[in-house]
Amino acid sequence: MTKHINKVAVIGSGIMGSGIACHFANIGVEVLLLDIVPRELNEKEQAKGLTLEDKVVRNRLVNDSLSNALKSKPSPIYNKKFASRIATGNLEDDLKKIEDVDWIIEVVIERLDIKKQVFESIEKYRKPGTLVTSNTSGIPIAFMNEGRSDDFQKHFAVTHFFNPPRYLRLFEVVPGPNCKPEVVDFLMGYGDRFLGKTAVLAKDTPAFIGNRIGIFGIQSLFHQVKELGLTVEEIDKLTGPVIGRPKSATFRTVDVVGLDTLVKVSDGLYQNCPEDEAHDLFRNPDFIQTMLENNWLGSKTKQGFYKKSVNEQGKKEILTLDLDTMEYRSKKRASFATLELTKTIDKPIDRFKVLIKGKDKAGEFYRKNFAAMFAYVSNRIPEISDELYRIDDAMKAGFGWENGPFEIWDAVGVEKGLELIEAEGLQVGAWVSEMVSAGVTNFYTVKEGFTYYYDIPAKAQTKKPGQDAFIILDNIRQTKQVWTNGDSVIEDLGDGILNLEFQSKMNTLGGGVLQGLNKAYDLAEKDFQGLVIGNQGANFSVGANIGMIFMMAVEQEYDELNMAISMFQNTMMRARYSSIPVVVAPHAMTLGGGCELSLHADKVVAAAETYMGLVEFGVGVIPGGGGSKEMALRAADTFQKNDVELNRLQEYFLTIGMAKVSTSAYEAFDLGLLQHGKDVVVVNKDRQIMQAKKHALLMAEAGYTKPIKRTDVKVLGKQALGMFLVGTDSMEAGKYISEHDKKIANKLAYVMAGGDLSAPTKVSEQYLLDLEREAFLSLCTERKTLERIQHMLKTGKPLRN
């Protein structure tokens, strides 16, 4: 099916509707967002003498909803400018406009009667062949199809986004009984390639896949918490990052989502799944009923499992609900011996074998919890999915799990999982027993860089579809590894392209990573055509290893520190001045040194969710790996007329001075950290390494020539330096910055002005690098800088002193 989506209509502008509209605007699609007409005037409209016929009144609901969405944090939009791609209207005056759209998405209240009214109205104006999908989370498609035309039904499906649509990657596609197969294929492909989602094909069953398994998991915990004598804090400790789940874990997540929202889905499952072997688990325990009666729903009512408060000393604190007394109390620290055993194990997937062996409450909890989950997911096949990998994909993309249930089961061992299930008196799906009896001991295997899953009907391992567009580094590392030193790995991506992957803690750039970078440059220049620098960790890099800098500065090893900074600068510069194209693929946090590396690449292939910035001011220094030099250079490249040169330089200065971090890759263009015409953005992070490889190969095949080092960077000297110094004096006088902040800013000003040259002059990059390194080193001798670095190392937060 060849179809291009240029314009979509979103019907319903609530939190989900506005969020979906924003995400389509994010990817460049024109959006028409519609909602109902208000039935009465509000006080402001009455005071202005408006009537129900005024357009501003008729579009009030949709405009207010979109405005609220755009103000929310985290933002639903990649860049504020993208909001101009959304036009608003109402269902009475503007519904006719849907005849011009390619896809209509219904996101109205979860009531069948209202949805059917909307579909009937849509039929009046929809042109044949236009896609129509519903964001329902559980109303059967057959009911929504009633009374609809044949063409409508052939092009109708459920496309279930998770909230917030920009950030949660799950996109469940549920075809209607009469939906054409090519429409289903198109929606799956569009969700992946254009929306950047993990598209999961689901069956039309209650709550589909993600919420069916996710709500089971949460309700299971609700029933286990008192049975095992655990507290709210302890459950959140056990179900958070230690097992590869979000920091919000269980109870904090419920507070954010809203207890009423969760209970609504759970009640639906209780009513609509009478044959489910875990049916009784979907009935809420007493403490949940009490919370509902008290309106303790979470963040929306200011209290749930947690509550913000002010203590007797006037300090803010977060209280926790005691599930025995149903009263709030001060938080208690959660600690378990079993968790201590996992502190040296970096990857959550490697911790599960240790966790289930624990001899304390934590071990008992994990054995019970995993047994229940393993049994439950095994029994949902083929009810909610024919393929086991879709369940794992849904949980990872919709609930932020690092590993899905079947991946965890593989990690503890399939037979060990069966032992846990039997010990809890639960029944496993018959297909698992048959699989093990046939001698198959894994749900997943990896062959030649591709993931294979156990195909139940075929009774054999089958290649997971859709992988040809991806490069999964975990899958190729063992067989394609060229070199490693522990902190970095070089892999052969094929077709003459290498990849350098960071593997240090938080992907910080220390000696091991710098060694790896230089080794990768050397190998690529000698035997390959290009180099990609990318990884698939939680973050691209949080910056340089400030612990190493701190130790050298404390020991006053300034010669060694000077050499280390010089090596760092040279390593960054090699990304630009090598004989082969170097493509950097940043994602998520790309801070400090990680940002500097990106600044020096021939091309950046950034994930849309890239949060990039030069944040060194927070630890009392300036960017010392070429970042200060590069921002001066980029500012100079925008100089056109003398009267705006100072203003342009000031913009780049403030990007560093205010430690600005982009909220998306698109915003990084506005900050000058990415460049139009050179750098590109990939919405689906899974495709990023493959796309980076393609760009490196394209540059190599086009005939790549090593660039000539710049000697023509225009700096403004005393003219700019004077402006900056006056500005920092004013900021200090107004008590906006501290004396030390002023000192850092003045050092940066000296570098970006090119020193105190008497007139504008053209200088080399090396000249600016030398100024940058000198300024960085001088700041490292400052006591207040060392205090900031020490505070950052201890707390992870910047100190203002």
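Ala720 is found in helix H30, which covers residues 718-733. The model described here is a predicted one. At a relative accessibility of 0%, Ala720 counts as buried, because buried means under 20%. Leaving aside residues up to four places away in sequence, Ala720 touches Leu646, Leu649 and Ala753. Lys203 lies 517 residues from Ala720 along the chain, and the C-alpha atoms of the two are separated by 64 Å.

Ile744 belongs to helix H31 (residues 739-752). Ile744 is also assigned a relative accessibility of 0% and counts as buried. Between Ile744 and Val621 there are 123 residues of sequence separation, yet their C-alpha atoms are 6.3 Å apart in space. Val621 is among the residues that Ile744 touches, together with Phe617, Gly620, Ile622, Leu779 and Arg788, when residues up to four places away in sequence are not counted.

In soluble globular proteins, nonpolar side chains tend to be buried together. The largest nonpolar core in this model has 106 residues, and the members that touch the most others are Phe305, Tyr366, Phe406, Trp409, Trp431 and Phe443. Helix H16 (residues 361-379) supplies the largest share of this core, with eleven residues.

## Helix contacts

Two packed helices are described by the angle between their axes and the distance between the axes. Helix H19 (residues 414-423) and helix H20 (residues 430-437) have axes 11 Å apart and pack at an angle of about 140°. This angle makes H19 oblique to H20. The crossing of H19 past H20 is left-handed. On the H19 side, Val414, Glu415 and Leu418 take part, and they meet Val432, Met435 and Val436 of H20. By class, this contact has five nonpolar residues, one charged residue and no polar residues.

Helix H22 (residues 511-527) packs with helix H24 (residues 558-576) at an angle of about 35°, and their axes are 10 Å apart. This crossing, too, is left-handed. Residues of H22 in the contact include Leu514, Tyr521 and Glu525, while those of H24 include Met567, Phe568 and Arg574. The contact of H22 with H24 divides into seven nonpolar, three polar and three charged residues.

## Loops and backbone features

Most residues other than glycine have a negative phi, and most peptide bonds are trans. Lys302, in the loop between helix H13 (286-293) and strand E9 (306-310), has a positive phi near 75°. Asn507 has a positive phi of about 55° and lies in the loop between strand E17 (497-502) and H22. Lys302 is exposed, with a relative accessible area of 68%, whereas Asn507 is buried at 7%.

Cis peptide bonds join Lys73 to Pro74, with omega about 0°, and Ile381 to Pro382, with omega near 10°. Pro74 lies in the loop between helix H4 (60-71) and strand E3 (86-90), and Pro382 in the loop between H16 and H17. A further loop, between helix H17 (388-399) and helix H18 (405-412), holds Asn403. Asn403 counts as buried at 10% relative accessibility, and among the residues it touches are Pro348, Phe352 and Ile408.

Technical notes
Residues are numbered from 1 along each chain as its sequence is written. This is a predicted model: local features need pLDDT of at least 70, side-chain atom pairs count only at pLDDT 80 or more; totals for chains, interfaces and linings use all residues. Side-chain values use heavy atoms; hydrogens and water are left out. A nonpolar core is a set of buried Ala, Val, Leu, Ile, Met, Phe, Trp, Tyr and Cys residues joined through side-chain atoms within 4.5 Å. Buried means under 20% relative accessible area, exposed over 50%, partly exposed in between (1.4 Å probe, protein chains only). Helices (H or I, at least four residues) and strands (E, at least two) are DSSP runs, numbered from the N terminus. Axes are lines fitted to C-alpha atoms, for helices over the stretch in contact, and angles run from 0 to 180 degrees between N-to-C directions. Angles under 35 degrees count as roughly parallel, over 145 as roughly antiparallel, 65 to 115 as roughly perpendicular and the rest as oblique. A crossing is left-handed if the near helix is turned anticlockwise from the far one by less than a right angle, and right-handed if clockwise. Contact means heavy atoms within 4.5 Å. Ala, Val, Leu, Ile, Met, Phe, Trp, Tyr, Cys and Pro count as nonpolar, Asp, Glu, Lys and Arg as charged, and the others, Gly among them, as polar.
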